[in-house]
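Please keep the sequence and the model in view while reading.

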Amino acid sequence: MSLSLRFSSAGNRLLPGIQALSRCKTSPRSVTTDLSGQTERPAGDLKTIQDLPGHGLLQGFYWYFLKGYHEKTHELQIVQKKMFGPIWKSKFGPLTVVNMASSDLIEQVLRQEGKYPVRSFMPHWREYRELRGHAYGPLCEYGQKWNHLRSMLNPKMLKPKEVSKYSPAVNEVVTDFVEKVKWLRENHGGGVMVNDVSNELYKFAFEAICTILFETRMGCMEEQIPEETQKFIDAVFEMFSHSVILLFFPKAMWPYLHYWKKFVAAWDYLFYITEKLVNKKITAMQESVAMGNVVEGEYLTHLLNNTRMSLIDIYGSLAEVLLAAVDTTSNTTSWILYTLAREPAIQQQLYEEVSSVCPGDQIPTADDFVNMPLLKAVIKETLRPSSTCATMLSLRKIAISLSPKASGQTAGFESAALARGRRSIIPSPPSLSASAHVPAWGNGWRSWKCTA
């Protein structure tokens with residue numbers, strides 16, 4: 001069966017750069033800068049954060065809630081870039097963020113991260129862990145402790161040779177997901193439609209990452225989803241939505257806000273699931289040892305047997321890794337499907353490439369992706385304008401050398417605003433036509449048609 005994705009009113013916006021990415025390797029651009037530590041600039045030659053344009057806390061509240069941009073922050077990036085230029089400041093509760101929508105500025109900042117980069121300061125996440133006595137994970141920890149955690153978590157998660165070992169287990173999840181899509185289309189979509197794709201992709205991502213992290217299946221691909229699995233997915237949405245809101249209020253007010261209570265309840269459930277899965281694996285390992293068997297396994301087995309991580313550190317780290325993996329995997333896949341649905345010509349090229357490497361019902365392996373350059377290009381090009389969550393890092397000891405210059409507390413990389421200014425380098429296929437104008441950003445990815 002061939003699976004074709006179609007947006008109900010396809011626009012003519014093309015994926016810029018896909019063909020270029022698929023046929024060449026990118027090399028780092030050479031940027032002249034005086035911030036490498038080799039050249040010292042007079043202190044008076046640098047502007048401070050007070051010199052930057054932007055908005056304060058009350059103006060931010062106006063834009064996010066009264067103007068409704070808290071649910072479409074990627075559009076706010078584009079609006080504010082037009083208002084303030086490629087660099088501006090914004091205030092979120094205790095955070096002062098220096099927003100950058102220039103690749104040159106972003107490159108200069110990233111080149112100065114050092115051995116221990118400091119990501120976004122999240123006081124509410126840390127406050128919850130202190131409240132409940134949980135350990136900080138890789139998203140909340142800083143400095144040498146962060147580096148120690150990453151040194152324990154990374155080898156089995158980021159090395160290509162190690163990651164390739166997970167492909168058989170992930171392929172089982174993917175196969176079940178394809179069958180689930182067929183079932184949803186036939187039973188709930190009139191034979192053509194899959195509704196609420198975001199929710200289904202959250203289930204798929206949760207199943208896949210649990211298979212890797214905890215070496216167990218969660219039943220997300222079944223017709224009747226387990227109740228606690230759906231509650232976990234709901235908790236992820238709840239936690240993220242209230243996480244943004246809480247930053248606008250001082251810490252002293254948090255205990256009196258219903259947003260905080262819901263935020264805490266959501267995290268409680270996320271940790272409950274994590275601890276339950278880890279403890280289940282520990283019990284299985286103990287039973288295996290008692291029977292005289294050799295304990296074998298992948299990620300969690302490795303953490304429990306071959307690292308110096310305490311059990312509380314494993315709980316804290318896996319809760320955050322699980323959360324991040326589910327959110328990023330599902331959102332990335334959503335945007336890929338949405339974008340391909342609007343680009344039938346590129347969708348067809350991708351289908352032909354994958355079919356040529358894995359004809360018929362052949363299941364791809366990790367080695368097959370080397371022969372799928374267009375697939376890699378589609379993923380990269382989709383992420384370029386669609387990574388709507390700003391990346392944050394400390395700017396306490398960083399100065400930007402391009403005009404306007406600034407030093408501040410936190411940097412935000414505004415990928416949507418950065419990508420919006422790029423021109424498509426792919427010629428429009430003559431067969432592509434639009435029956436109605438489709439905004440560049442919207443909710444069309446929630447439903448897509450499949451034709452066999």
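## Where two helices meet

In this predicted model, Phe232, Val236, Met239 and Phe240 of α11 meet Leu322, Leu323, Val326 and Asp327 of α14, where contact means heavy atoms within 4.5 Å. Sorted by class, the contact of α11 with α14 has seven nonpolar residues, no polar ones and one charged residue; here Ala, Val, Leu, Ile, Met, Phe, Trp, Tyr, Cys and Pro count as nonpolar, Asp, Glu, Lys and Arg as charged, and the others, Gly among them, as polar. Helices (H or I, at least four residues) and strands (E, at least two) are DSSP runs, numbered from the N terminus.

Two packed helices are described by the angle between their axes and the distance between the axes. For α11 (residues 227-246) and α14 (residues 311-342), the angle is about 90° and the axes are 11 Å apart, the axes being lines fitted to C-alpha atoms, for helices over the stretch in contact, with angles running from 0 to 180 degrees between N-to-C directions. The helices α11 and α14 are therefore roughly perpendicular to each other, on a scale where angles under 35 degrees count as roughly parallel, over 145 as roughly antiparallel, 65 to 115 as roughly perpendicular and the rest as oblique.

The 32 residues of α14 should span 46 Å at 1.5 Å a residue, and its end C-alpha atoms are 46 Å apart, which agrees; the expected span is 1.5 Å times one less than the number of residues. Helix α14 is mostly covered, with 23 of its 32 residues buried, where buried means under 20% relative accessible area, exposed over 50%, and partly exposed in between (1.4 Å probe, protein chains only).

Phe271, which is found in helix α12 (residues 258-290), counts as buried because its relative accessibility is 2%. Leaving aside residues up to four places away in sequence, Phe271 touches Tyr128, Arg129, His134, Tyr315, Gly316 and Ala319. Although Phe271 and His134 are 137 residues apart along the chain, their C-alpha atoms are separated by 8.9 Å.

## Helix α5

In helix α5 (residues 123-132), the buried residues include Pro123, His124, Trp125, Arg126, Tyr128 and Arg129, and what covers the buried residues of this helix includes α11, α12 and α14. After α5 comes Gly133, whose phi is positive, near 75°.

Thr211 lies in helix α10 (residues 197-213) and counts as buried because its relative accessibility is 12%. Not counting residues up to four places away in sequence, Thr211 touches Ala169, Val173, Thr216 and Arg217. Val170, found in helix α9 (residues 167-188), is partly exposed, with a relative accessible area of 24%. From C-alpha to C-alpha, Val170 and Ala205 are 10.0 Å apart in space, and they are 35 residues apart in sequence.

## Loop residues

Most residues other than glycine have a negative phi, and most peptide bonds are trans. Asp196, however, has a positive phi of about 55° although it is not a glycine; Asp196 is found in the loop between β4 (193-194) and α10, and at 38% relative accessibility it counts as partly exposed. Glu215, in the loop between α10 and α11, has a positive phi of about 60° although it is not a glycine, and is partly exposed with a relative accessible area of 23%.

Asp51 lies in the loop between α1 (18-23) and α2 (57-66) and, at 48% relative accessibility, counts as partly exposed. The C-alpha atoms of Asp51 and Trp88 are separated by 9.5 Å, and these residues are 37 apart along the chain.

## The protein as a whole

The protein has 17 helices and seven strands, and buried residues make up 46% of its 452 residues. Among contacts between residues at least 6 apart in sequence, 72% join residues at least 24 apart. The structure holds zero disulfides, a disulfide being a pair of cysteine sulfur atoms within 2.5 Å. Cys140 is buried, with a relative accessible area of 0%, and Cys358 also counts as buried, at 6% relative accessibility.

## Basis of the values

Residues are numbered from 1 along each chain as its sequence is written, and side-chain values use heavy atoms, with hydrogens and water left out. Because this is a predicted model, local features need pLDDT of at least 70 and side-chain atom pairs count only at pLDDT 80 or more, whereas totals for chains, interfaces and linings use all residues.
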